Amino acid sequence: MGRMTATPATNRPKRVLLAAPRGYCAGVDRAVIAVEKALEQYGAPVYVRHEIVHNKYVVQTLERKGAIFVDQATEVPPGNIVMFSAHGVAPTVHEEARQGRLATIDATCPLVTKVHKEAIRYAKEDFDILLIGHEGHEEVIGTSGEAPDHIQLVDGPEDVANVEVRDPSRVVWLSQTTLSVDETMETVDALKDKFPQLVSPPSDDICYATQNRQTAIKELAGQAELVIVVGSKNSSNSIRMVEVAKQAGVPAAYLVDFASEIDEAWLEGVTSVGLSSGASVPDVLVQEVLEWLSQRGYADVELVKTADEHLTFSLPKELRRDLRAEAAALVEE
């Protein structure tokens, strides 16, 4: 019997391995719908402090509908409505809005709110809180603001050497919700080596959607020569997905906002393209990438499903009130 030879890569059919789940998580869906509902109910303008979610397309779409994005609540004229983004804000920001006579809508993701509540609780119990996260990220700033005297940031395993606490028997770790699961646990392990009595949060802080998307990316990376993640450059969870793909051994992985940013040179010698998107990415952008790939011979799409997601969150309760009237009354006080 003749010796079997592997099919040359150039002769294999081209395909796209499409991750599921991908794209919008429950917290992002809630936040984007909250802006749309506010514009419907109260009319433009509705001000939003920082990007409602970290996605260029979503922000531009909402701007066209009448949302105005500002860096600080202090920029909003008195008597208006301001919404806080899905990433959460510190108590000082709520106070700024009150001082500025603004009606507020809090679109913080409930999973981020959970971390805020943990920070408040452990601070009341006088723990030192080690917050694993990336310096300067909005979510980290918001969580730290809940208990600034008790929280210190740990930005990766290499930062552990710098950590000092008052009492090694009263230390707890919390984390930003959009981190790499593997890197976070590496940091936790290093912290436990240094502080054997380190307390863990009651449940994992890294959000379900972040974990699910990273699991799917690992699955794709084992089968693809190229992974494309649709997401914005300031999206923490999207950046982590690219990193996870590379750590899982895929030869190349890239982050793009739009199909037009894909370089055709990336496809050279590639038969299997893995495709996913960050938790703040609407699926229309993924469909555009699929169309772009199809035009270049990658018409065969295989779904790689690693989890089912059914979680939904109710809209912010403030949307049930007449916020225009409330804002007007604040100015008259």
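How many cavities of 30 Å³ or more does the structure hold? In this predicted model, local features need pLDDT of at least 70 and side-chain atom pairs count only at pLDDT 80 or more, whereas totals for chains, interfaces and linings use all residues. Residues are numbered from 1 along each chain as its sequence is written, and side-chain values use heavy atoms, with hydrogens and water left out.

The structure holds two such cavities, a cavity being a set of points on a 1 Å grid over the protein atoms alone where a 1.4 Å probe fits but cannot get out, with lining residues having an atom within 4 Å of a point. The largest cavity contains about 250 Å³ of space, and of its 23 lining residues Cys25, Val28, His87, Thr178 and Asn237 lie nearest the centre. Helix 1 (26–42), helix 4 (110–124), helix 7 and helix 8 each give two or more residues to this lining, with helix 1 giving the most, at three. The second largest cavity, of about 60 Å³, is lined by residues including Ile132, His134, Asp155 and Glu183, and helix 6 (residues 181–194) gives the most to that lining, with three residues.

Helix 7 (residues 208–221) and helix 8 (residues 236–247) pack at an angle of about 30°, with their axes 9 Å apart, the axes being lines fitted to C-alpha atoms over the stretch in contact and the angles running from 0 to 180 degrees between N-to-C directions. Helix 7 is therefore roughly parallel to helix 8, a term applied to angles under 35 degrees. Their contact (heavy atoms within 4.5 Å) involves residues including Ile217 of helix 7 and Val244 of helix 8.

Terms used: Helix = DSSP H or I, 4+ residues; strand = E, 2+ residues; numbered from the N terminus. Parallel < 35°, antiparallel > 145°, perpendicular 65-115°, else oblique. 1 Å grid on protein atoms, 1.4 Å probe; cavity = no way out; pocket = protein on both sides within 12 Å on 5 of 7 lines; lining within 4 Å. Points joined across faces, edges and corners; volume = space filled by probe spheres on them.
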